[in-house]
Structure formats: structure tokens, C-alpha cells
Amino acid sequence: RVMLTAAAAAALLAAPAAAIYEDEAGVIDWHIKNVGMVTDAVVRVKNPPRSYVATDKAIVAALRHDDGSVAWRYEMPNGELVDELRYVEDAGLLVLSKRGRSLRRLSRKGGLVWDQSGGGAAAETPSTPPPRMEVVDDTVFVLADNALTASDLATGRVLFVYFPDDEKLAEKAGCAPDTLMMHALRPRGDGGVTVVATGRAKRKSDK
């Protein structure tokens with residue numbers, strides 16, 4: 001389920017990672033070299049505790065919390081850099097890359113569960129919003145290239161792709177046709193998401 005709202009509007013690297021106990025703020029408990037220049041990270045606090053990191057050398061790794069050692073590492077194909085990591089209980093690690101055009105699910109042990117890869121990385125311009133990812137129940141929503149893709153969490157199967165090309169929606173928001181740009185996702189309580197979009201205000205010259 002998707003709700004769209006619109007508004008008019010003109011090999012691992014060499015850099016340290018560290019962990020501390022809550023009562024030892026400012027005191028390093030452990031550090032490890034050769035973990036990489038971390039670009040994104042998520043933490044699993046139990047069963048067992050892990051920190052999942054992505055580096056600027058196209059590596060995803062799981063670090064043990066007790067000593068910072070590498071539990072496993074996954075090399076992204078073709079040197080793809082990670083856009084976002086998201087850990088989901090009972091499902092594993094979701095890895096978004098190629099400006100949102102590729103989505104993979106890794107198991108808790110680092111094995112590839114499924115791979116949903118698109119074409120080449122999207123061209124990035126100053127006005128291009130960064131890709132976004134949200135998990136709602138058993139569905140993964142990815143916002144990229146001004147399209148919203150919903151995929152099944154268990155299998156990676158694409159459920160639908162949504163484009164903001166509804167002229168009636170643009171007219172209702174007072175926006176010019178074909179100018180709506182989706183920017184953000186907000187999970188809803190009914191298992192869907194709300195998409196926030198902006199567009200150019202309609203002019204008299206617009207058809």
C-alpha cells in the first residue's frame with residue numbers, strides 16, 4: 001500500500017573501529033585495525049551481538065563485540081559501494097547499493113540469500129535525492145530513481161514498482177505535470193508507506 005503526498009515547491013581498509021561499554025564513555029574498550037573506512041554501520045545487540053559495517057572498498061563485514069574481530073566478510077560484486085545497511089531480525093542484513101538499483105539480503109552468517117540487481121548505477125545530480133529503504137512487516141520498500149519498488153523480504157521478488165506520474169495527483173497538489181519528485185518514506189501502521197514528494201508549482205503556461 002502506498003500513499004503519496006505532494007507539496008508545491010519552487011579487501012578491507014586500514015582505519016580503526018572502536019566499541020565502549022555504556023559506563024565507560026570516552027574509554028576505548030577495544031579497537032581493531034584493517035576494518036576499513038566505514039561508510040555505514042548497524043548494530044545487533046543480541047544473539048549474538050554484532051556490528052555490521054560497510055567500507056569504501058566495497059566490503060561488508062560483521063564484527064564481534066567482545067574483541068572486535070571479523071566474524072565474516074562479504075565482497076560486493078564489481079566493486080559496488082553500499083548505499084545503506086539495514087538489519088532485520090530473523091531475516092539478516094539488507095544491503096542497498098548502486099544508488100538504490102541493487103538490493104541484496106545476507107544471512108546472519110554472511111551468506112547471500114537473494115540478489116535483486118538492476119542495471120548500471122543511477123546517474124547522480126545535485127537534485128537527485130539519495131536512495132531510501134524501509135522495511136515494513138514482510139516488505140522492503142526502496143525509493144530510488146524517482147520510483148518506489150516493493151519487494152518480498154523472504155524471496156526478493158518484486159511486488160510492484162510505483163512511479164509518481166499521476167496527473168490528477170499533481171493537479172490536486174497544485175504542481176505542474178511530470179514534476180513530482182519523491183524524497184522520503186514514512187512507514188505506516190497498516191503495513192504500507194507514505195511517500196513524501198515535491199513538485200514545481202503549476203504555471204499558466206503549463207498544459
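Tyr52 is buried, at a relative accessible area of 1%. The model that holds this residue is predicted.

**Rings.** The aromatic pairs number 2. In the pair of Tyr52 and Trp72, the ring centres are 5.9 Å apart and the planes stand at 40°, so this pair is tilted. Tyr52 belongs to strand S5 and Trp72 to strand S7, so the pair ties together parts 20 residues apart in sequence. Trp72 counts as buried, at 10% relative accessibility. The pair of Tyr52 and Tyr87 is stacked, with 5.4 Å from centre to centre and 10° between the planes. Tyr87 lies in strand S8 and Tyr52 in strand S5, so here the linked parts are 35 residues apart in sequence. Tyr87 is buried, as is Tyr52. Through these ring pairs, Tyr52, Trp72 and Tyr87 form a cluster.

**Overall make-up.** The protein has 1 helix and 17 strands. It consists of 207 residues, of which 42% count as buried.

**Nonpolar cores.** The largest nonpolar core contains 15 residues. Val60, Trp72, Leu85, Leu93 and Val95 have the most contacts inside it. Strands S5 (50-55), S6 (59-64), S7 (70-75), S8 (82-88) and S9 (92-97) each give two or more residues to this core. The largest share, 3 residues, comes from S8. Another core lies apart from it, with 11 residues, among them Val88, Ala91, Leu94 and Trp114.

What does Leu93 touch, leaving aside residues up to four places away in sequence? Its contacts include Val42, Tyr52, Val60, Trp72, Leu85 and Tyr87. Arg86, Arg104, Arg105 and Leu106 are also among them. Two of these contacts, Tyr52 and Trp72, make up the tilted ring pair.

**Salt bridges.** The whole structure has 7 salt bridges.

Arg104 sits in strand S10 (residues 102-106) and Glu80 in the loop between S7 and S8, so their bridge ties together parts 24 residues apart in sequence. Arg104 is buried, with a relative accessible area of 2%. Glu80 counts as buried too, at 9% relative accessibility.

Asp115 lies in strand S11 (residues 112-117), so its bridge to Arg104 in strand S10 joins parts 11 residues apart in sequence. Is Asp115 buried or partly exposed? Asp115 counts as partly exposed, at 39% relative accessibility. Salt bridges link Glu80, Arg104 and Asp115 in a network.

Arg86 is in strand S8 and Glu134 in strand S12 (residues 132-136), so this bridge ties together parts 48 residues apart in sequence. Arg86 counts as partly exposed, with 22% relative accessibility.

**Surface patch.** Val158, Val161 and Phe163 form a nonpolar patch on the surface. Together they have about 250 Å² of accessible area. Phe163 is in the loop between strand S15 (158-162) and helix H1 (167-172). Phe163 counts as partly exposed, at 47% relative accessibility.

Technical notes. Residues are numbered from 1 along each chain as its sequence is written. This is a predicted model: local features need pLDDT of at least 70, side-chain atom pairs count only at pLDDT 80 or more; totals for chains, interfaces and linings use all residues. Side-chain values use heavy atoms; hydrogens and water are left out. A nonpolar core is a set of buried Ala, Val, Leu, Ile, Met, Phe, Trp, Tyr and Cys residues joined through side-chain atoms within 4.5 Å. Buried means under 20% relative accessible area, exposed over 50%, partly exposed in between (1.4 Å probe, protein chains only). Helices (H or I, at least four residues) and strands (E, at least two) are DSSP runs, numbered from the N terminus. Contact means heavy atoms within 4.5 Å. Patches are made of residues with over 30% relative accessible area and no salt bridge: like charges are joined within 9 Å, nonpolar side chains (Val, Leu, Ile, Met, Phe, Trp, Tyr) within 5 Å. Accessible areas come from the Shrake-Rupley method with a 1.4 Å probe; for residues, only the protein chains shown count as cover. A salt bridge is a side-chain nitrogen of Lys or Arg within 4 Å of a carboxyl oxygen of Asp or Glu. Rings of Phe, Tyr and Trp (its six-membered ring) pair if their centres lie within 6.5 Å; planes under 30 degrees apart count as stacked, over 60 as edge-to-face and the rest as tilted.
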